[in-house]
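Student: Please show me the structure, and then let us go through some questions on it.

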Amino acid sequence: MSASNVGRSSSAWIEVSLAALVENARTVARAAGTRLLPVVKANGYGVGAVAVSRALEIVDPWGYGVATIAEGVELRDAGLDRRVLVFSPASPETLDVYARYRLTPVLETATAIRAWLSREGGAFHLGIDTGMSRAGVRWDEIASLAALLDTPRLEGCYTQFHSADRRDRSADEQLERFLGAVSHLERRPPLLHVANSAAALRDRRFALDMVRPGVYLYGGAPADWIPGGRPVVSIRARVVSMRTVRRGETVSYNATWTAPRDTTVATLGIGYADGLRRALGLGGEAYVLLRGARCPVVGLVTMDYVMVETGGNAVEVGDVATLVGEADGGRIALDQFAAWSGELQREFLTGLGARLPRIAT
């Protein structure tokens, strides 16, 4: 369905530039000089995992990274045939599903490794904890598994940086721990991967055999000092109601905004059920683009609606407001809107509600 048709049938929607997504992937590939494992977990960071993965086929990625078995199955059901690496540590009782859908597991315990090796075929990756303290074998305990890991089915080892977006030595220290741990293995697996978006764009030292871009693919800035990718996501909402608000009258629950003058308020058909933060307008910074004007968000965001002050601007029911993206020569960047919401860019994207149609433009 085209964006214009959705605009007539939906009160709010997300426009996705797949061309920008692909260009961002190519930018990472050029910077890193190695293979890509695009991360499409959480429904492709809220953009749409299947659409994203199909679009990225053109860059010939090694495969796709997901967080859960269900996310991997979704890609298989959609006909995607490349490798799918499931990053959540696999437990023995789930291995039948991995085998059935040709998903590559991440293993981190002797029990799970033995169970997987007892089956025919199928590669696996080993997660190594180098300081994130979330999952994986500790870097200083890997020697105890070295004999078990002496198998050609160990295809890769990886770790997760906790602060690649910071200009400190933490990523360097984690890389040293990771490479030290791998050196204890009887054989080096063909794929070592450690780099998220920030590390992949920061220095080729972190590229190794493969990189795992995430937020940058979707137009986000992986660090304050690394520019974001080309904008991928635009969020639009239609004006569903208009009203005059007199000076001293209030707007929304708890009467959190009081009109300082006689004014006009437009109600947009998008709310916190769609992923907006309830307190979005309380800081006094957030606005939308509507009819070429910046219209501030006023009052608490409600489940299905957000109110904006349009003042003396000529706005009508049915007009389209832009929350993120470009309109009428203005632009609201993803990182800007996320900051108004008190969120990380990836946090905001993955929180976008399922009832918002995702439309390729």
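Student: Does E141 count as buried, partly exposed or exposed, and what is the class called?

Tutor: This is a predicted model, in which local features need pLDDT of at least 70, side-chain atom pairs count only at pLDDT 80 or more, and totals for chains, interfaces and linings use all residues. Residues are numbered from 1 along each chain as its sequence is written, and side-chain values use heavy atoms, with hydrogens and water left out. Buried means under 20% relative accessible area, exposed over 50%, and partly exposed in between (1.4 Å probe, protein chains only). E141 has 44% relative accessibility, so its class is partly exposed.

Student: Which residue does the side chain of E141 meet in a salt bridge?

Tutor: A salt bridge is a side-chain nitrogen of Lys or Arg within 4 Å of a carboxyl oxygen of Asp or Glu. The N to O distance here is 3.8 Å. The partner of E141 is R138.

Student: Why does D172 count as buried?

Tutor: D172 forms a salt bridge with R205, with the closest N and O atoms 2.7 Å apart. The pair links distant parts of the chain, 33 residues apart: R205 is in the loop between helix 9 and strand 10, and D172 is in helix 8 (residues 170-182). Helices (H or I, at least four residues) and strands (E, at least two) are DSSP runs, numbered from the N terminus. R205 is partly exposed because its relative accessibility is 42%, whereas D172 counts as buried because its value is 10%.

Student: Which residues are joined into one network with D172?

Tutor: The network is made by salt bridges that share partners. Along with D172, it holds R202, D203 and R205.

Student: How many salt bridges does the count come to?

Tutor: One of them is between R119 and D96, whose closest N and O atoms are 2.6 Å apart. R119 is partly exposed because its relative accessibility is 26%, and D96 is partly exposed because its value is 43%. By the rule above, the count comes to 22.

Student: Which residues of helix 2 are buried?

Tutor: Helix 2 covers residues 18-32 and has 15 residues. What covers its buried residues includes strand 2 (35-36) and helix 4 (49-56). The buried residues are A20, L21, V22, N24, A25, V28 and A32.

Terms used:
The expected span of a helix is 1.5 Å times one less than its number of residues. Contact means heavy atoms within 4.5 Å.
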